[in-house]
Amino acid sequence: TSKSMGKNKITVFTPRILQQKERKLEMTELLRESMERECAGFSVRYQPQVDSATKALYGAEALARWNCTSFGQVSPLEFIPILEQSGMIIQVGKWIFRRAVEQCREWRKLKPDFHMSINLSYLQLLEEDFIIFVEETLEVLGVPYENITLELTETYLIEQDGTVHDMLQSLQEKGIQVAMDDFGVGYSSLFELKNTPADIVKIDRGFVKGLTSDVFTATFIRSITELCHNVGKQVCMEGVETSEEYDIVKDIGLDLIQGFYFGQPIVPEMFEKRFF
Ligand code: C2E
Ligand code: MG
Ligand code: MG
Ligand code: MG
């Protein structure tokens with residue numbers, strides 16, 4: 001413990017840092033094994049997105065899961081950065097994208113305007129063949145661009161050279177939607193909101209807690225919604241968990257809602273039973 005080892009933080013924390021490094025190294029190896037076995041161990045869960053006013057189903061966000069042979073279920077907050085740092089995100093990201101588009105194809109049979117939202121890493125956009133990959137995947141699976149939304153965090157959208165911007169724009173011209181994920185935290189500012197090519201702005205779920213308790217949060221969301229609507233962007237509120245939160249968000253008049261109040265990320269079979 002820190003007491004028995006004195007106040008020197010270096011000696012206290014070194015074993016833990018080593019342990020974390022070991023965990024990361026081992027996980028990198030296991031992720032590589034998974035990837036090489038045609039992404040065995042990876043799966044995709046789906047969380048509903050609903051129309052704010054009517055609660056009607058709009059679509060789903062595809063969220064990656066990894067079940068590891070030694071660590072069990074690992075959070076994407078842990079394994080996505082490892083995939084990014086090791087470059088594996090390119091191959092695994094393609095697998096996730098294809099899987100989500102296949103699922104979209106199935107659900108379009110039940111609801112032709114079903115929208116599938118897929119998270120992307122910046123690194124995927126830097127790949128030269130990314131556009132061709134998207135075009136081919138949608139063409140082969142017969143899913144229109146209009147049914148697909150690409151979710152990117154604002155930093156990815158802003159810290160980009162012209163190439164990525166042009167790439168997103170050419171996909172948008174074909175009908176694909178781009179969503180700015182986690183708006184309001186990190187490096188976001190109104191300047192960045194102005195310059196983002198996004199069609200949909202997803203307000204970070206960190207703001208939901210304040211909705212029922214402080215005036216600033218509700219006013220902030222109301223103002224951002226008005227601003228976005230005035231420049232033709234849609235707004236999605238993430239992380240709505242209770243009926244009180246839903247009532248306030250509905251009253252604000254933003255477009256889409258996603259959160260545990262409507263459903264957690266679940267396997268496709270369960271999603272189908274509950275939401276179609
Ligand atoms: P995100 O894209 O912002 O996804 C929303 C996260 O918020 C999901 O966590 C979801 O389960 C959680 N969430 C949704 N509604 C609620 C709610 O009402 N309450 C609470 N407490 N949480 C809620 P998840 O699935 O653990 O994913 C975490 C992050 O990992 C994602 O955040 C995304 O940044 C990343 N991620 C997940 N799948 C992928 C993927 O396929 N590719 C990439 N590049 N990143 C991914
Ligand atoms: Mg997302
Ligand atoms: Mg988000
Ligand atoms: Mg997030």
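Modeller: Ala, Val, Leu, Ile, Met, Phe, Trp, Tyr, Cys and Pro count as nonpolar, Asp, Glu, Lys and Arg as charged, and the others, Gly among them, as polar. This is a predicted model: local features need pLDDT of at least 70 and side-chain atom pairs pLDDT 80 or more, while totals for chains, interfaces and linings use all residues. Side-chain values use heavy atoms, without hydrogens and water; residues are numbered from 1 along each chain as its sequence is written, and chains are lettered from A and ligands numbered from 1 in the order written.

Biologist: How many nonpolar residues does the shell around ligand 1 have?

Modeller: Ligand 1 is surrounded by 22 residues, each with a heavy atom within 4 Å. Of these, five are polar and seven charged, and the nonpolar residues number ten.

Biologist: Which element gives the most to the shell around ligand 1?

Modeller: Elements are DSSP runs (helices H or I, at least four residues; strands E, at least two). Helix α2 (76–86) and strands β6 (177–183) and β2 (57–68) each supply at least two shell residues. With four residues, the leading contributor is β2.

Biologist: Why is the pair of Phe-42 and Phe-79 classed as it is?

Modeller: Rings pair with centres within 6.5 Å; planes under 30 degrees apart are stacked, over 60 edge-to-face, the rest tilted. Because the centres lie 6.1 Å apart and the planes at 70°, the Phe-42 and Phe-79 pair is edge-to-face.

Note on methods:
Rings of Phe, Tyr and Trp (its six-membered ring) pair if their centres lie within 6.5 Å; planes under 30 degrees apart count as stacked, over 60 as edge-to-face and the rest as tilted.
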